[in-house]
Amino acid sequence: MLSNTDLQTLFLTFKVASFATFLMLLLGTPLAWWLARTRSAWKGVINAVVSLPLVLPPTVLGFYLLILMGPTGTIGQITHWLGLGTLPFTFAGLVVASVLYSLPFVVQPLQTAFASIGEQPLEAAATLRASPLDTFFSVIVPMAKPGFLTATILGFTHTVGEFGVVLMIGGNIPDKTRVVSVQIYNHVEALEYTEAHWLAGYLLAFSFIVLLLLYTTLKTQPVTHQLK
Amino acid sequence: MSPPITARFLLDYGDFTLNVDLQLPGTGITVLFGHSGSGKTTLLRCIAGLQHASQGFLEINGVIWQDSHRKLFMPPHKRALGYVFQEANLFSHLTVEGNLQFGLKRIEKKTDAIAFQEILELLGINHLLKRMPSRLSGGEQQRVAIARALLLKPEILLLDEPLAALDLKRKREILPFLTNLHQHLAIPVIYVTHSQQEMAQLADTLVILKDGQTVVSGPLSETLSRLDTPLIQDYEANTVWPATIIEHESGYYLTRVDFHGGTLSLPLITAAINTPIRVQIYARDVSITLDSPTNTSILNVLSANIIGLSDNHRGQMVVQLQIGKQILLAHITLKSSLILNLKIGLAVYAQIKGTSILN
């Protein structure tokens, strides 16, 4: 069974993932929209930067974030100047790192969904008196619903499963930054295989059920296969 | 008084330039006619504001929609227009009713329930309201799209080849609705097509475009009977006459119609006496004789006066004939014209081998 500490790590993990997913949708939607529609020369560059976490070892990303967000880093100095202190080894730092780490899993399904909608519904909406913003919420969002669903689920589950970045940026502070994946690692290190089994089993079941729901409820093929 | 519609656009794409200066009437259907690549759809999109011509001036019924000199460009969603796309372009996430309501919710002057019902009936889509667009045939989708545009009570209705994506059967299904619109609508309609038949059936005003330029424009019959249209060289010259049904000879499967200048025998039309119709006569179906032909199988022989001769184009030419108040075009070879010694003022007989009846 799960101990109190294990439950705490589970709770913290879902909290981080929820915050991160919310922020990723907030940032990822306009970003994906821009990427899906722009003809700017910057498109390739931005696409590559957003997709970097897909191929980069998480420790590399975590390392750079640690440097950047630390007391001498650019971001660290800004957060310090804003009176927020430094982010590494805090809950906020963990959320920021998760957002960067999982962003491609949110941006890519959205970008594909937006691109597949094409120009025509936008033009139809314009000739039916809908302003561009109105069109976005009344036409684009409902038409891209499968994309949003995929993005939310992939962003959330991917954040739940992160390990390397957390270890670099968040450490292993109980109740503050210790998430499930780290806790499993702790259990294994301490040769507590039963406890590790329980937690690992929970994560396995959770991920499977979520993906099962995703693949069975969406009639169209989700865009996971386009990620790798 | 300024004309109801003034449209001037200059749009340069490098390999294609649209350069038009048009003044159009405030009622009836204006057909923008031309081959693909002639710029007719681009022109329509410029009028709608879907395409932004760098230089342009557009005034519809006293309201200026674009004036590049004053850096004025009204975005499409602020223009009081209805637009029908080549593909019906319905919102796939909304029912037919949702599609119809989409624009309605966004206009200030509300369409009342009676007008709503009238438009549904006019287009025959009452029974489709609860369906999703994917469950409709192409023809039904296009009728919904037309209704969706009309419900906005637009100042002008723009249609971009609304029948082009449909098969012949669906075309026949929608054309009567469009002809109906013609009689019910008080607003100007601009209709883009490359189909001779749609043009002849629907147009009141004809604008022929070629390579991004207006070649000719004016009232349909008058414009078609000119000798300087691209139709002449394309072997597509034809004239459209308004006529009235005067008699059915059902034993012969024929109908006699009256036009300004005589009568014609046409294949039997199932319509009442006195119904106004349009008759389209292709120049290639008209031949000329100097003497009144006797013992001929051709029923429609009309006496005519030559009023114009086109330049010869690879041994082919078009003769302009006056018959009563109507003008008829005859496509003949240069050789025949020389043998018969055709010239302006000569009295001849025109034999019409084939006609098509519109509406």
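These notebook entries record what I looked up in the structure.

**Ground rules**

I worked on a predicted model, in which local features need pLDDT of at least 70 and side-chain atom pairs count only at pLDDT 80 or more, while totals for chains, interfaces and linings use all residues. Residues are numbered from 1 along each chain as its sequence is written, chains are lettered from A and ligands numbered from 1 in the order in which they are written, and side-chain values use heavy atoms, with hydrogens and water left out.

**Entry 1: nonpolar cores**

I began with the nonpolar cores, each a set of buried Ala, Val, Leu, Ile, Met, Phe, Trp, Tyr and Cys residues joined through side-chain atoms within 4.5 Å. For burial I used relative accessible area with a 1.4 Å probe and protein chains only: buried is under 20%, exposed is over 50%, and partly exposed is in between. The largest core has 87 residues, and B:Phe9, B:Leu43, B:Leu100, B:Leu158 and B:Leu178 touch the most other members. Helix α4(B) gives the most to this core, with six residues. Helices (H or I, at least four residues) and strands (E, at least two) are DSSP runs, numbered from the N terminus. A second, separate core holds 34 residues, among them A:Leu12, A:Tyr101, A:Ile117 and A:Ile169.

I then listed the contacts of B:Leu178, where contact means heavy atoms within 4.5 Å. Leaving aside neighbours within four places in sequence, B:Leu178 is in contact with B:Ile146, B:Leu159, B:Leu163, B:Tyr191 and B:Leu202.

**Entry 2: helix α2 of chain B**

How many residues of α2(B) are buried? Helix α2 of chain B (residues 96–104) is mostly covered, with seven of its nine residues buried. These are B:Val96, B:Gly98, B:Asn99, B:Leu100, B:Phe102, B:Gly103 and B:Leu104. Their cover includes α6 (120–127) and α7 (132–143) of chain A, together with α3 (113–123) and α4 of chain B.

**Entry 3: a residue in α4(B)**

I looked up B:Glu140, which is placed in helix α4 (residues 138–150) of chain B. B:Glu140 counts as buried at 16% relative accessibility. Not counting residues up to four places away in sequence, B:Glu140 touches B:His127, B:Leu128, B:Arg131 and B:Glu173.

**Entry 4: two helices of chain A**

Two packed helices are described by the angle between their axes and the distance between the axes. Axes are lines fitted to C-alpha atoms, for helices over the stretch in contact, and angles run from 0 to 180 degrees between N-to-C directions. The axes of α1 (residues 4–37) and α10 (residues 180–189) of chain A come within 8 Å and cross at roughly 150°. I therefore recorded α1(A) as roughly antiparallel to α10(A); angles under 35 degrees count as roughly parallel, over 145 as roughly antiparallel, 65 to 115 as roughly perpendicular and the rest as oblique. On α1(A) the contact is made by A:Thr5, A:Asp6, A:Thr9, A:Leu10 and A:Thr13, and on α10(A) by A:Val180, A:Gln183 and A:His187.

The buried residues of α10(A) are A:Val180, A:Ser181, A:Val182, A:Gln183, A:Ile184 and A:His187. What covers them includes α1, α9 (164–169) and α11 (193–217) of chain A. After α10(A) comes A:Leu191, with a positive phi near 60°.

**Entry 5: aromatic rings**

Rings of Phe, Tyr and Trp (its six-membered ring) pair if their centres lie within 6.5 Å; planes under 30 degrees apart count as stacked, over 60 as edge-to-face and the rest as tilted. I found 16 aromatic pairs over all chains. One of them joins B:Tyr13 and B:Phe16, a tilted pair with 6.5 Å centre to centre and 35° between the planes. B:Tyr13 is partly exposed at 42% relative accessibility, whereas B:Phe16 is buried at 17%. In chain A, one aromatic cluster is formed by A:Trp33, A:Phe114, A:Phe136, A:Phe137 and A:Phe148.

I also looked for charges over rings (NZ of Lys or CZ of Arg within 6 Å of the ring centre and within 35 degrees of the ring normal). A:Lys15 lies over the face of A:Phe91, at 4.8 Å from the ring centre. B:Arg284 lies over the face of B:Tyr282, at 4.4 Å from the ring centre.

**Entry 6: loops of chain B**

B:Glu161, in the loop between β8 (156–160) and α5 (168–184), has a positive phi near 40° although the residue is not glycine. Is B:Glu161 buried or exposed? B:Glu161 is buried, with a relative accessible area of 8%.

B:Asn274 is also not a glycine, and its phi is positive at about 80°. B:Asn274 is found in the loop between β14 (262–267) and β15 (276–282) and is exposed, at 57%.
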